[in-house]
Amino acid sequence: MVVPKIVRIGVLTSGGDGPGLNPCIRAVTRTAISKGLEVMGIKRGYTGLINGEFVPFDARSVGGILGKGGTILGTTRLPEFDGLRYQRQAIRVLNQHSVDGLVVIGGNGSLNGVLALHKLGYPAIGVPGTIDNDVGGTDIAVGVDTALNTVLDAIDKIKDTASSHQRAFLIEVMGRDCGYLALMSGIAGGAEMILIPEVATPLAAVAEALTNAYMRGKTHGIVVVAEGYRPGTQAVLQYLEERKEELGFHMRVTVLGHVQRGGAPSAYDRILGTRLGAAAVTGLLEGKSGHVVGLLGGQVAYTPLEEAVARLRPIDERLYSLAHIMEV
Ligand code: F6P
C-alpha cells in the first residue's frame with residue numbers, strides 16, 4: 001500500500017453538534033503539530049469546505065476550548081454532499097489550499113461524506129461525534145456521555161415534581177432512529193417504562209405499566225420515550241389521556257430537545273475526544289483513509305467506513321431486558 005505524503009491536514013465538524021467536539025479538534029490539531037504537520041481548521045462543516053472557509057491553526061488556536069460545549073469550528077448539515085458534484089468540488093478546494101488529508105468529526109451522514117471522498121482517492125478519516133450513538137465502529141461516540149448525564153439530570157428533577165403531584169411523565173429524548181440515549185438514561189434514571197424505535201411496544205402496554213405502577217403504590221410514573229419511537233410521544237399521550245380514569249396518574253410531557261446537545265463536555269467526553277482525535281491523525285498518516293476511529297472494548301480501533309455506516313448500531317438486547325427487570 002502506498003501511503004500518500006501528508007504535510008497539511010484539515011479538520012472539520014459536521015452535522016448535529018455535541019459536547020466533546022472541541023477537545024477532539026484540539027487533539028487533532030496538537031497531534032498533527034507534534035508530528036510536524038500543518039493544520040487548517042475548516043469552518044461550518046462541508047459547507048465551509050466547499051466555500052473555502054479555511055483558517056490556519058496553531059497550538060494556541062485550540063487553547064482554552066477543552067471545557068467548551070458546541071464546536072469552535074461551527075457546523076452545518078449539507079445533505080447535498082451526497083452528490084458527486086459537491087464531493088469533487090470539495091477535493092478541488094482542498095487541493096487549492098494544499099491540504100493533503102482530512103479529519104471529519106460527525107455522525108452517520110458526515111461519515112458517509114468521508115467515505116465518498118476516500119472512494120474518490122482523497123485521504124480522509126472519520127471520528128464519530130454524535131449524541132445519538134448510532135454509528136458503527138465504536139462502542140460510544142463523542143458527546144454521548146455528556147448528553148446522557150444531561151438527560152439523567154432532567155429525569156431526576158422531573159421525578160421530584162412527578163412524585164410530589166402523583167403524576168406520570170412522558171420524557172422525550174433525542175437519538176433520531178436509535179434508542180440508545182433513551183435506553184441508557186431510562187436505566188440510570190429508574191424509568192417505569194422505556195420506549196425505543198428498536199422494540200415495538202403497543203400503547204396498551206404503556207397504560208398497563210403505569211396502572212400497575214400506581215397500584216403497587218408508586219408516586220410517579222416515568223416513561224422515557226425515544227424521539228424515534230413510533231407512533232410517537234403525542235400518540236402515547238393521547239392514548240393515556242383517553243384512559244386517565246383507569247390510570248391513576250395525571251399525565252404531563254417534557255420534550256428535552258436541544259438542551260441535550262449543549263453544555264460542557266464530561267471528563268469522559270474530553271478524554272474520548274482527545275484519544276480519538278489523536279488517533280485520527282496517526283491513522284491518516286498510517287494510511288487508514290476510509291476508516292472511522294472508535295473505541296472498541298476500551299481500545300482505539302479503526303473500522304472501514306463501509307462497514308461502520310452500513311447499518312445503525314444495534315441496541316444491546318441484554319441491557320433492554322435488564323431495564324425491563326428494573327421497571328417493577
Ligand atoms: O443527530 C443529532 C440530533 O440531535 C438528533 O438526535 C436529532 O434528531 C437531530 O439531531 C436534530 O437535528 P437539528 O438540530 O437539525 O434539529
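1. Phe 249 is buried, its relative accessible area being 1%; buried here denotes under 20% relative accessible area, exposed over 50%, and partly exposed the range in between, with a 1.4 Å probe and protein chains only. The model is a predicted one, in which local features need pLDDT of at least 70 and side-chain atom pairs count only at pLDDT 80 or more, while totals for chains, interfaces and linings use all residues. Residues are numbered from 1 along each chain as its sequence is written, and side-chain values use heavy atoms, with hydrogens and water left out.

2. Two aromatic pairs are counted in the structure. The rule takes rings of Phe, Tyr and Trp (its six-membered ring) whose centres lie within 6.5 Å; planes under 30 degrees apart are called stacked, over 60 edge-to-face, and the rest tilted. Tyr 46 and Phe 81 form a stacked pair, with 3.9 Å from centre to centre and 15 degrees between the planes. This pair joins distant parts of the chain, 35 residues apart: Tyr 46 belongs to helix 2, and Phe 81 to the loop between strand 3 (54-57) and helix 3 (84-96). Helices (H or I, at least four residues) and strands (E, at least two) are DSSP runs numbered from the N terminus. Both Tyr 46 and Phe 81 are buried.

3. Tyr 214 counts as partly exposed because its relative accessibility is 34%, whereas Phe 249 is buried.

4. The backbone deserves a check at several positions. Most residues other than glycine have a negative phi, and most peptide bonds are trans. The peptide bond from Arg 230 to Pro 231 is cis, with omega near 20 degrees. Pro 231 sits in the loop between strand 8 (221-226) and helix 8 (233-241).

5. Arg 44, which is not a glycine, has a positive phi of about 55 degrees. Arg 44 is placed in the loop between strand 2 and helix 2, and with a relative accessible area of 33% it is partly exposed. Gln 166 likewise has a positive phi, near 55 degrees, in a residue other than glycine. Its place is the loop between helix 5 (144-165) and strand 6 (167-173); Gln 166 is partly exposed, with a relative accessible area of 34%.

6. Lys 43 lies in the loop between strand 2 (38-42) and helix 2 (45-50). Is Lys 43 buried or partly exposed? At 31% relative accessibility, Lys 43 counts as partly exposed. Setting aside neighbours within four places in sequence, Lys 43 is in contact with Gly 48, Leu 49, Glu 53, Val 55, Ile 72 and Leu 73, where contact means heavy atoms within 4.5 Å. The C-alpha atoms of Lys 43 and Lys 119, which are 76 residues apart along the chain, are separated by 23 Å.

7. Two threonines of helix 1 may be read together. Thr 29 lies in helix 1 and is buried, at 0% relative accessibility. Beyond its neighbours within four places in sequence, Thr 29 is in contact with Val 39, Phe 57, Asp 58 and Val 62. Thr 31 is also in helix 1 (residues 21-34) and is buried, with a relative accessible area of 14%. Not counting residues up to four places away in sequence, Thr 31 touches Ala 278 and Val 281.

8. As to the overall fold, the chain holds 12 helices and 11 strands. Its radius of gyration is 22 Å, close to the 20 Å given by the globule rule for 328 residues, so the chain is as compact as a globular protein of that length. The radius is taken over C-alpha atoms, and the rule is 2.2 Å times the number of residues to the power 0.38. Along its principal axes the C-alpha trace spans about 70 × 35 × 35 Å. Of the 328 residues, 55% count as buried. Among contacts with a separation of 6 or more, 76% are between residues 24 or more positions apart.
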